[in-house]
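This report describes one protein chain for a reader who is new to structural analysis. Please keep the sequence and the model in view while reading.

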Amino acid sequence: MFKVSGDQILSRSWASLVADRSTSLAVELVHRGAQVVVVGGTALWLRGGSRWPRDLDLAVTEPEVPGLVSALAQIGVHIRAATLCRCRDVALTSAWGPLDVFVKETLPPSGVVKVDRCTLVVAHD
């Protein structure tokens, strides 16, 4: 068994599936035009961390929200740009799993991680 958090224990294969789904969701959104920074557990995992992510966390600036909303709609996740901008931190559900979006004034320091033929912008911390 692989311990994911204080109250969740998942097998290594299950944890890998969650990490793969989070990464696949990020790739899908970027391919569909979203300009985001991957943050949180998925960012740590993509940078070689040993802890498996539970969901996909994304940071986006307000000017980039419409592009993210469009990409989300293309995969069946519907939210209005105005709602996302007003709420700032929103938890969503997709066919790939849970997704948290954080609308920020400035994005965290980040670098690039290549996943297949996709370039993801991934936070350092």
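## Salt bridges

A salt bridge is a side-chain nitrogen of Lys or Arg within 4 Å of a carboxyl oxygen of Asp or Glu. The structure discussed here is a predicted model, in which local features need pLDDT of at least 70, side-chain atom pairs count only at pLDDT 80 or more, and totals for chains, interfaces and linings use all residues. Residues are numbered from 1 along each chain as its sequence is written, and side-chain values use heavy atoms, with hydrogens and water left out.

By this rule the count is three salt bridges. In one of them, glutamate 105 pairs with arginine 88, and the closest N and O atoms are 3.2 Å apart. Glutamate 105 lies in the loop between strand 6 (97-104) and strand 7 (110-115), and arginine 88 lies in the loop between helix 4 and strand 5, so the pair ties together parts that are 17 residues apart in sequence. Helices (H or I, at least four residues) and strands (E, at least two) are DSSP runs, numbered from the N terminus.

Glutamate 105 is exposed at 67%, whereas arginine 88 is partly exposed at 22% and glutamate 62 is partly exposed at 38%.

## The pair of glutamate 28 and arginine 32

Glutamate 28 forms a salt bridge with arginine 32, with 3.0 Å between the closest N and O atoms. Glutamate 28 is partly exposed, with a relative accessibility of 24%; arginine 32 is partly exposed as well, at 32%.

## Cysteines

How many disulfides does a search of the whole structure find? The search finds zero, a disulfide being a pair of cysteine sulfur atoms within 2.5 Å. The closest cysteine sulfur to that of cysteine 85 belongs to cysteine 87 and is 9.7 Å away, which is too far for a bond. Cysteine 85 is buried at 19%, while cysteine 87 is partly exposed at 41%.

## The nonpolar core

A nonpolar core is a set of buried Ala, Val, Leu, Ile, Met, Phe, Trp, Tyr and Cys residues joined through side-chain atoms within 4.5 Å. The largest such core has 32 residues, and those with the most contacts inside it are Leu29, Leu68, Leu72 and Leu84. Helix 3 gives the most to this core, with five residues.

Leaving aside residues up to four places away in sequence, leucine 72 touches Leu29, Val77, Ile79, Leu92 and Leu99. Contact here means heavy atoms within 4.5 Å.

## Confidence

The predictor's confidence in each residue is given by pLDDT, from 0 to 100. The chain averages 85, and 84% of the residues score at least 70. Confidence is highest in helix 3 (residues 65-74), at a mean of 98, and lowest in strand 1 (residues 2-5), at 34.

Over residues 1-15, pLDDT stays under 50. Where pLDDT is low, the predicted coordinates should not be read in detail.

Technical notes: Buried < 20%, exposed > 50% of the residue type's maximum accessible area, 1.4 Å probe, protein only.
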